[in-house]
Amino acid sequence: MLSEIAISIIAFSIGSNNTSNAFGVPVGCGVISFRMAILLIGIFVTVGSLTQVKVLETVGSIAKLNCAMILIVLVVSACMIVILNWKKLPVSSHQAIVGSMIGAGVVAGTAKLSVFASIVISWIISPIGALILAIVIYILSEKIFSRIPVFVVERLLYIMLIISGILIAYNTGANELASALAPVVSSKLIPHVEASVLGSASLIAGALILGGRVIETVGKDITTLDPLSGFSAQGSAGLTVFLFTLLGMPVSTTYCLIGGIVGVGLLKGVNAVKIKLLKKIVSIWIVSPLTAFMVTYIIARVVL
Amino acid sequence: MKFFRKLSFGRMESEVIELFKEHINTVKFACEVFLKAIETDDKSLLNQVCELERTGDRLRRDIALKLYGGAFLPAMRGTLYKLAETIDETLDMLEDTAIDYLRLNLHLDDELRELCVRVAKINVKMSNDLLEAFSALRSGDKLENRTVKIRVREREVDTLRNRIYEKIMKRNVSNYWEGKILSDFIDHLVYVSDVIEDAADLIQILNVSLR
């Protein structure tokens, strides 16, 4: 029961945050309504969660854990996500879960450091990949768009914003939610389909209840970007996470989106990038898995 | 290219584009009617200009309702609505010119009339250029040629305005109102080309807005 509650909390929090990753720009731009965004998220998160198991397998293989350890991992991860959300800091559920899993794995003596190392490398490469991809998408789009009538450009951007939103919604199910479900599914505490349905339902609830508030914030922030920059950042994040999902690597859409925005910002001059804010994001990026590791390690040592 | 053209046919977007074409056509028709009225000195035609101004108001409202009802990305809506307002301002200006001409009690001598007719003819050409510029915006044809043409014609009107002012400054008027109405009539007549030029600038801004 406790594992179901912890999964629901994590999925709820992913839903409240990642709705803005997927449809913050289209809803903020008025391309689609909030209701339509929730419907698309519901459909594609569930499809992603049910059809993709590679990330789930990777995260599940970090360490072989017993039920008590898994409960500690889930409770620590859920608490960390809730606290960081409450502090309004950009949090990646992957980092909390993976950090926590490796902490428990070290205590249990089953941690596979090679898997963990490949995940950390993915965390480093993915935002950089999104940054480069955003620059490529921006330059290519600019070249193509200069030869097409402006009304067609507008329609293309409209369609591509929705497609990239759908891609991110799919990634959310196949990557972000999969990471949250990995501890319970890999230890066979809950069957994959049941866990996916529970996770998707909680995620949709999070999107429905808190997603609107986050979308409003992101929408207002992102509308300072022109539609082409917004699309380049979002499209690059969607494609990068999708590629890593196919490779079975858990990576954060939020961090890839930040990478994409920085890429577009760099094209417009280094001054356009808020270095101070970027430093803060990078420090959270390093501190959050370390904290999850430490807390889980200490609790596991004390309790077991 | 055919594939790209098909993409541009969103229902609401198509309706807005058709409304814009109708709006600019209304300007062109109003310019033609005014030209005919001043050429033939047939003041009965001027009521038509006022009716066309009301049609313009309706079209502007319809465009605004469709734009803010969800047509086009928000990044374009502001400029599109500004374009509708500017096109409407052209019609307002033509209506003011027509009303001034109706109120004008004095007889325009041949030379002054000829200069005013030349300005009115340029206004007709400019409204036609504006229609072509808008069509180029939709089809992706070279827009610069059309907007440059509009700017050149506007400068031509500026030159004619100076000549008209030279003429009317030498002219005696019987009272203040006669002079004011004549001056307003000239101001409004030459200002039409300024507003058409503003509309052309907005079309050019739209052309680069999403790139």
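**Figure 1. The contact between chain A and chain B.** In this contact, 20 residues come from chain A and 21 residues from chain B, where two residues are in contact if their C-beta atoms, placed from the backbone, lie within 7 Å. On the side of chain A that touches chain B, the elements giving two or more residues are α6 (113-145), α7 (150-186) and α9 (227-246) of chain A, and α7(A) gives the most, with 9 residues. Helices here are DSSP runs (H or I, at least four residues), numbered from the N terminus. By class, this side of chain A holds 14 nonpolar, 2 polar and 4 charged residues, with Ala, Val, Leu, Ile, Met, Phe, Trp, Tyr, Cys and Pro taken as nonpolar, Asp, Glu, Lys and Arg as charged, and the others, Gly among them, as polar. The model is predicted, and local features need pLDDT of at least 70, side-chain atom pairs count only at pLDDT 80 or more, while totals for chains, interfaces and linings use all residues. Residues are numbered from 1 along each chain as its sequence is written, with chains lettered from A and ligands numbered from 1 in the order in which they are written.

**Figure 2. The largest nonpolar core.** The largest nonpolar core has 156 residues, and those with the most contacts inside it are A:Ile41, A:Leu181 and B:Phe34; such a core is a set of buried Ala, Val, Leu, Ile, Met, Phe, Trp, Tyr and Cys residues joined through C-beta atoms within 7 Å. A residue is buried if 20 or more other C-beta atoms lie within 10 Å of its own, exposed if 12 or fewer, and partly exposed in between. Helix α7(A) supplies the largest share of this core, 19 residues. Leaving out residues up to four places away in sequence, B:Phe34 touches B:Val49, B:Leu94, B:Thr97, B:Ala98 and B:Ala120.

**Figure 3. Packing of α2(B) with α4(B).** Helix α2 (residues 11-40) and helix α4 (residues 74-103), both of chain B, pack at an angle of about 15° with their axes 10 Å apart, the axes being lines fitted to C-alpha atoms, for helices over the stretch in contact, and the angles running from 0 to 180 degrees between N-to-C directions. That angle makes α2(B) roughly parallel to α4(B), given that angles under 35 degrees count as roughly parallel, over 145 as roughly antiparallel, 65 to 115 as roughly perpendicular and the rest as oblique. The crossing of these two helices, α2(B) and α4(B), is left-handed, a term for a near helix turned anticlockwise from the far one by less than a right angle, with right-handed used if it is clockwise. Among the contact residues are B:Ala30, B:Phe34 and B:Ile38 of α2(B) and B:Leu94, B:Ala98 and B:Tyr101 of α4(B). The residues of this contact divide into 12 nonpolar, 4 polar and no charged.

**Figure 4. B:Leu35 in helix α2 of chain B.** B:Leu35 is found in helix α2 of chain B and counts as partly exposed, with 19 C-beta neighbours inside 10 Å. Not counting residues up to four places away in sequence, B:Leu35 touches B:Ala120, B:Lys121 and B:Val124.

**Figure 5. Two contacts of helix α11(A).** The axes of helix α5 (residues 93-108) and helix α11 (residues 275-303), both of chain A, come within 7 Å and cross at roughly 35°, in a right-handed crossing. The residues of the contact of α5(A) with α11(A) include A:Gly99, A:Gly103 and A:Val107 in α5(A) and A:Ala292, A:Phe293 and A:Tyr297 in α11(A), and the contact divides into 13 nonpolar, 6 polar and 1 charged. Helix α4 (residues 67-86) of chain A also meets α11(A), and the axes of these two helices come within 10 Å and cross at roughly 140°; α4(A) and α11(A) are therefore oblique to each other, and α4(A) passes α11(A) in a right-handed crossing.

Figure 6. Most residues other than glycine have a negative phi. B:Asp41 has a phi near 55°, lies in the loop between α2 and α3 (46-68) of chain B, and is exposed, with 11 C-beta neighbours inside 10 Å. B:Phe72 has a positive phi of about 65° and is found in the loop between α3 and α4 of chain B, where B:Phe72 counts as buried with 23 C-beta neighbours inside 10 Å.
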